[in-house]
Amino acid sequence: MIPIARPLIGEDEQNAVLDVMASGMVAQGPRVKEFESRFAEMCGAEHGIATTSGTSALHVALLAHEIGPGHEVLTSPFSFIASANCALFVGAKPVFVDIEPDYFTIDPEKIREKITPRTRAIEPVHLYGQACDMVAILEIADEYDLVIIEDACQAHGAKFNDQSVGSFGTACFSFYPTKNITTGEGGMITTNDANIAEKARLVRDHGSPVRYQHESLGYNLRMNDMQAAIGLTQLPKLDQWNKKRQENAAYLTQELSKVEGVVPPAIRENAVHVFHQYTIRIPNRDEAVEKLREKGVGVGVHYPTPIHQQPYYQKLGYSDSLPQSEAASREVLSLPVHPSLSQDDLDQIVEAVASL
Ligand SMILES: Cc1ncc(COP(=O)(O)O)c(C=O)c1O
């Protein structure tokens, strides 16, 4: 089976972890600090704050911006559940805006109609490795004085108008093993706002600027040095791995454009797409999933149920109609695009899709 994802963890990563273990300093320490500054630099941001996961990065980011009860956060329903749950964690309300059908990301044209006096933030999700239309989104945020929290959990290295995601607002990344780079589990907040960075560091570590002095309510959401050591080893490889993902995607698109009924992913003008996922639209999606797996192609569905239709959100009373997200959930199918695919793998994928 050609896997849908394949974390690249080799001797470099193993040695880096062994070094940390040998040092005896295995909790948050110098490696975390170095990973934070190198990762922030890659994004063109001034500050990096490492956390335990992308989910905790989003949670900490919202708390650092003092988003809480009575506030609304505008986001996409066509995403992983954490994109919306982070608003619930802090007592705020996620409000869903439908997506642009070509790019699967929040539709800026539909943001304005969802803004109320309670709206505090827009949380664009750079889904599948493609940046949202940040020019349009920043313009709206400016007009209504809203905070931008980028969910860049799938978009390490992605760009829009030559600017890296992670530098448009306060941004959150995930280092889960399937992501373009990993730390096992882990997350990162990036920001150019020193005040937000300081607050995020406090939330991450018991509200404690100095040991055993606690100035605000905080949690333990710290990354450890073994995770950061893996991240430091992976980070210099990100460009090369993203390039391979882009080449794989270009080949798949060239070949799959010839297959009737299949809609390959579109790349936004002025965007650098890093293809965390290569996601097509296809008729009879569920049947295609079964058949492709039978043919040895590991596929995924990201995501089969939009967030507003998840059982928990239904219990909360969400009854929105968001037709583009609902249609995407029925039609999307992700094919392997990761850097370890061979030309034979790519040809097998194309052949399997063409013969459906
Ligand atoms: C868009 C998006 N947001 C948030 C997350 C949460 O990240 P993590 O799994 O590291 O908590 C993910 C991870 O899959 C994601 O894809």
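Buried means under 20% relative accessible area, exposed means over 50%, and partly exposed lies in between, with a 1.4 Å probe and protein chains only. The model shown is predicted, so local features need pLDDT of at least 70 and side-chain atom pairs count only at pLDDT 80 or more, while totals for chains, interfaces and linings use all residues. Residues are numbered from 1 along each chain as its sequence is written, and side-chain values use heavy atoms, with hydrogens and water left out.

**View 1. An aromatic pair of Phe 80 and Tyr 303.** Rings of Phe, Tyr and Trp (its six-membered ring) pair if their centres lie within 6.5 Å; planes under 30 degrees apart are stacked, over 60 edge-to-face, and the rest tilted. By this rule there are 14 aromatic pairs. Phe 80 and Tyr 303 make a tilted one, with 6.4 Å centre to centre and 40° between the planes. Phe 80 is in the loop between strand S2 (72–75) and helix H4 (82–89), and Tyr 303 is in the loop between helix H9 (285–294) and helix H10 (311–315), 223 residues apart. Helices (H or I, at least four residues) and strands (E, at least two) are DSSP runs, numbered from the N terminus. Phe 80 counts as partly exposed because its relative accessible area is 45%, whereas Tyr 303 counts as buried because its value is 13%. Ring pairs also join Phe 78, Phe 104 and Tyr 128 to Phe 80 and Tyr 303 in a cluster.

**View 2. The largest nonpolar core.** A nonpolar core is a set of buried Ala, Val, Leu, Ile, Met, Phe, Trp, Tyr and Cys residues joined through side-chain atoms within 4.5 Å. This one has 40 residues, and those with the most contacts inside it include Phe 35, Phe 39, Ile 111 and Phe 173. At least two core residues come from each of helix H2 (30–43), helix H5 (134–144), strand S8 (170–174), helix H7 (225–234) and helix H8 (238–256). Neighbours within four places in sequence aside, Phe 39 has contacts (heavy atoms within 4.5 Å) with His 156, Phe 173, Phe 175, Ile 181, Met 188, Thr 190 and Leu 235.

**View 3. Salt bridges of Arg 268 and Arg 112.** A salt bridge is a side-chain nitrogen of Lys or Arg within 4 Å of a carboxyl oxygen of Asp or Glu. The whole structure has 16 of them. Arg 268 and Glu 100 meet at 3.0 Å, N to O. Arg 268 lies in the loop between H8 and strand S10 (271–272) and Glu 100 in the loop between strand S3 (93–96) and strand S4 (119–123), so the pair ties together parts 168 residues apart in sequence. Arg 268 is buried at 7% relative accessible area, and Glu 100 is buried at 13%. In the bridge of Arg 112 with Glu 143, the closest N and O atoms are 2.6 Å apart. Arg 112 is in the loop between S3 and S4 and Glu 143 is in helix H5, 31 residues apart. Arg 112 is partly exposed, at 36%.

**View 4. Buried residues of helix H11.** Ser 325, Glu 326, Ala 327, Ala 328 and Ser 329 are buried in this helix, which spans residues 323–331. Their cover includes strand S11 (278–281), H9 and strand S12 (332–335).
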